[in-house]
Structures are given as C-alpha cells and as structure tokens.
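Me: I am new to this structure and would like a close look at a single part of it. Please go through that part and what surrounds it in one connected answer.

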Amino acid sequence: MTAPTPPRPPASGPPSGPPSGPPPGTPPLAGFTPPPAPTGRPVWPPPEATVVTTGVSKSFGSLVAVSEMSFAVGPGVTALLGPNGAGKSTLIRLLCGLTAPSTGEILVAGGNPRFDREARRRLGLVPQQDGVFERERALEVVKLAATLSGLPDPEEQARVALNTVELDPDMKRPVGTFSKGMRQRVKIAQAIVHNPAVLVLDEPLNGLDPRQRRQMIALFHQLGNEGRTVLVSSHVLEEVERFGSHVLVIAKGRLAAQGDFHAIRDLMDDQPLRIRVHCQRPRVVASTLLQGGSVSGVAVTGEDEIEVTTTEVRTFRRAVAVACQVNGARLEEVVPLDDDLESVFRYLVGMGP
C-alpha cells in the first residue's frame with residue numbers, strides 16, 4: 001500500500017502562515033487556542049496542517065535514508081512507526097531543522113525549521129539521546145531552556161514544567177545521578193517549558209515505570225486536545241495504540257501509510273482478515289460457510305468457537321448470520337483477530353500476515 005502523492009506547491013513556494021504559537025511568557029499548559037486557518041492557501045498543504053513535508057528525500061552518499069516523503073499532520077497526537085533502519089530518526093532530524101533535506105520542502109508551524117527562527121520557537125523536541133547537563137540540578141537545566149526561549153520569568157516557567165512531569169523543582173541532586181526515567185522527564189520538561197505549538201518526541205517513554213508511562217501518555221493527549229501537534233516516535237506497538245489511532249508508518253525510507261490504522265486496515269482488501277466466531281454447533285456452521293464461499297479457510301477451535309479467514313468481510317458478516325440461522329445455532333459473538341495496529345504494521349512493512 002503506498003501513500004498518495006500530493007500536488008506540488010506553486011513554484012514560488014508555500015505561503016507563510018501567521019505565527020501559531022503563543023507569545024513568550026504564556027504559562028506552559030495554559031489554554032492554547034490555535035489561530036484560524038489562513039485563507040487563500042492551495043489544496044496542498046491542507047490549511048489545518050502544522051507539519052508538512054513535500055517530496056522530501058535525504059541521502060548520505062549512496063544511502064537514501066528518506067525517499068520522496070510527502071505528508072501533512074495537524075493538531076492532535078500522531079504516532080510515527082517503523083522498524084529499525086526505516087528512517088524515523090532521520091525524519092525527526094529533518095522536521096526539527098537539525099539536518100537539511102537533499103530535495104523537497106518542509107514546513108513546521110508555518111516556516112522552515114532549519115532557517116525560520118519563529119518556526120523553531122514554536123517547536124519542542126524530546127530527543128532519544130539524553131543530552132542533558134549532568135552536573136546541574138533539574139531546575140537549572142529546564143530554566144536554561146526557558147531562558148533560551150526568551151521567556152520573561154524562566155525560573156517560574158521551569159518550575160511549572162517540572163511539576164507537570166512530576167519532578168520536584170527544588171530537588172538538590174544533579175541530573176547525572178537521576179534514573180533513566182527521571183532524566184527522560186527532565187527532557188520532556190525542557191521541551192514543553194516554552195509552550196510549543198508542535199512537539200516532537202523520539203521514544204519518550206523509555207525508562208519510565210508503568211505509572212509514569214500512563215501519566216506521560218495522559219499529558220501528550222492533554223497537549224493534543226489543547227490544539228497542539230504532538231508527533232511521537234515509538235517501537236512499542238502497545239504503547240502506540242494508547243497514543244491514539246492516527247499513525248504515520250515508514251518502511252525502507254518511504255511513507256507506507258498515514259491515517260487511522262483501523263481505516264487503513266479496512267482499505268487493505270487484498271489482505272485476508274482472521275475472525276473468531278462464537279456460536280452453537282460450530283462444525284455444521286463451519287461447513288455451511290465453506291460451501292457458501294464467503295471464507296477462504298475455517299477451523300473449529302473450541303466447543304463453541306471457529307476461526308475463519310476471509311477477504312470479503314461484508315459478505316462474511318451476512319453469511320455467518322445466515323449459516324447460524326439455517327442450522328438452528330445461536331450466534332454469540334464475531335471478533336476480528338487482526339484488526340489491530342500490530343497486524344496493520346506487519347502488513348505495511350512487508351513482514352507478512
């Protein structure tokens with residue numbers, strides 16, 4: 001399945017939208033209202049998009065890490081998925097202006113993140129690497145980020161950000177003595193201290209215990225619900241499903257799919273779907289389904305259970321009801337077995353069903 005290629009913007013370049021971030025000094029996590037979409041924009045990029053790539057490629061000599069990637073992401077939480085070596089880290093560096101694309105154009109919060117200071121001011125980054133000042137206290141580390149962002153009261157803003165990630169601003173220990181989970185929360189506090197419109201997080205839950213993971217996922221949802229764009233890279237599919245259903249899937253440096261993964265699965269007509277059926281008289285129901293041709297495979301897996309494989313889901317749902325009715329068998333439940341993110345991910349990256 002390949003992602004559709006959007007139309008190229010006009011040769012004169014995409015128009016710059018008005019600043020979408022709050023003015024300096026706005027308290028972190030305060031009510032955030034995105035500006036109205038500018039008028040007169042072309043179809044591409046979509047007016048609601050805050051992160052846009054158009055035909056973006058990145059090569060390192062003969063190695064193509066990102067190839068002809070075009071997508072648009074708007075407010076809310078979007079998960080960035082891909083196997084190791086798919087190009088996720090390179091894409092994150094491109095989106096944050098840390099490296100320049102070989103070809104193509106990138107817009108983040110209305111500007112080019114590599115050269116536009118205002119675009120960078122509206123961007124928050126949680127890198128996978130630690131990269132913190134280990135001899136300083138957490139308050140000083142986050143305060144420095146607030147100062148560099150030009151906030152008028154950097155210490156107060158740093159205290160608010162640290163409290164948000166459940167770290168004590170008055171802790172005397174240097175960051176170098178922190179656990180992995182604590183250091184991770186310091187990085188998140190640094191990224192949100194200036195109240196960014198776009199937040200990019202690379203494996204942000206590494207090292208967190210289960211309670212802290214729940215708290216951080218709730219924070220990401222809060223930020224998305226406030227109208228910010230939250231792009232989260234993770235390799236743990238169970239966690240990604242908790243981020244939400246909107247995904248960007250990258251395979252071999254290319255965009256394999258974008259959107260709600262349930263909708264993506266529905267569009268994959270050439271991939272068989274496994275379904276579990278709980279019903280009475282499973283053997284005769286299975287025989288009737290095979291004779292009717294609505295399934296490509298069926299197995300009796302329990303006293304009241306069968307599993308079927310089909311590419312005609314709508315036809316099957318009607319057929320199973322009829323098969324139970326004509327055999328005098330009560331139909332209890334019909335449950336898709338691979339209508340989940342893991343199955344969609346396996347199909348899209350070519351790992352097979």
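Which residues lie nearest the centre of the largest pocket, and how many residues line that pocket?

Reply: This is a predicted model, in which local features need pLDDT of at least 70 and side-chain atom pairs count only at pLDDT 80 or more, while totals for chains, interfaces and linings use all residues. Residues are numbered from 1 along each chain as its sequence is written, and side-chain values use heavy atoms, with hydrogens and water left out.

The largest pocket has a lining of 23 residues, and Arg-120, Leu-123, Leu-125, Ser-149 and His-194 are those nearest its centre. A pocket here is an open set of points on a 1 Å grid over the protein atoms alone, where a 1.4 Å probe fits, with protein on both sides within 12 Å along at least five of seven lines; a lining residue has an atom within 4 Å of a point. The space in this pocket is about 700 Å³, a volume being the space filled by probe spheres set on grid points joined across faces, edges and corners.

Two or more lining residues come from each of α2 (117-121), β5, α3 (138-148) and α5. Helices (H or I, at least four residues) and strands (E, at least two) are DSSP runs numbered from the N terminus. By class, twelve lining residues are nonpolar, five polar and six charged. Ala, Val, Leu, Ile, Met, Phe, Trp, Tyr, Cys and Pro count as nonpolar, Asp, Glu, Lys and Arg as charged, and the others, Gly among them, as polar.

Strand β5 also belongs to an open sheet of six strands, ordered β5-β6-β7-β3-β8-β9 with mixed pairing; two strands pair if DSSP finds at least two bridges between them. Because β5 (123-126) and β9 (254-260) are at the edges with a single partner strand each, one side of each has no neighbour in the sheet. From one strand to the next, the twist averages 15°. Further in, β6 (residues 198-202) and β7 (residues 229-233) run parallel and are joined by five bridges; Asp-202 has Ser-233 of β7 as its bridge partner.

Helix α5 (residues 180-192) lies across β5 and β6, at about 170° to β5. Angles run from 0 to 180 degrees between N-to-C directions, and axes are lines fitted to C-alpha atoms, for helices over the stretch in contact. Helix α6 (residues 210-225) packs on the sheet too, touching β3 (76-81), β6 and β7, where contact means heavy atoms within 4.5 Å.

These two helices, α5 and α6, pack at about 10° with axes 13 Å apart. The angle therefore makes α5 roughly parallel to α6, a label for angles under 35 degrees, with over 145 roughly antiparallel, 65 to 115 roughly perpendicular and the rest oblique. On α5 the contact uses Arg-185, Ile-188 and Ile-192, and on α6 Gln-212, Met-216, Leu-219, Phe-220 and Leu-223. By class, that contact has six nonpolar, one polar and one charged residues.
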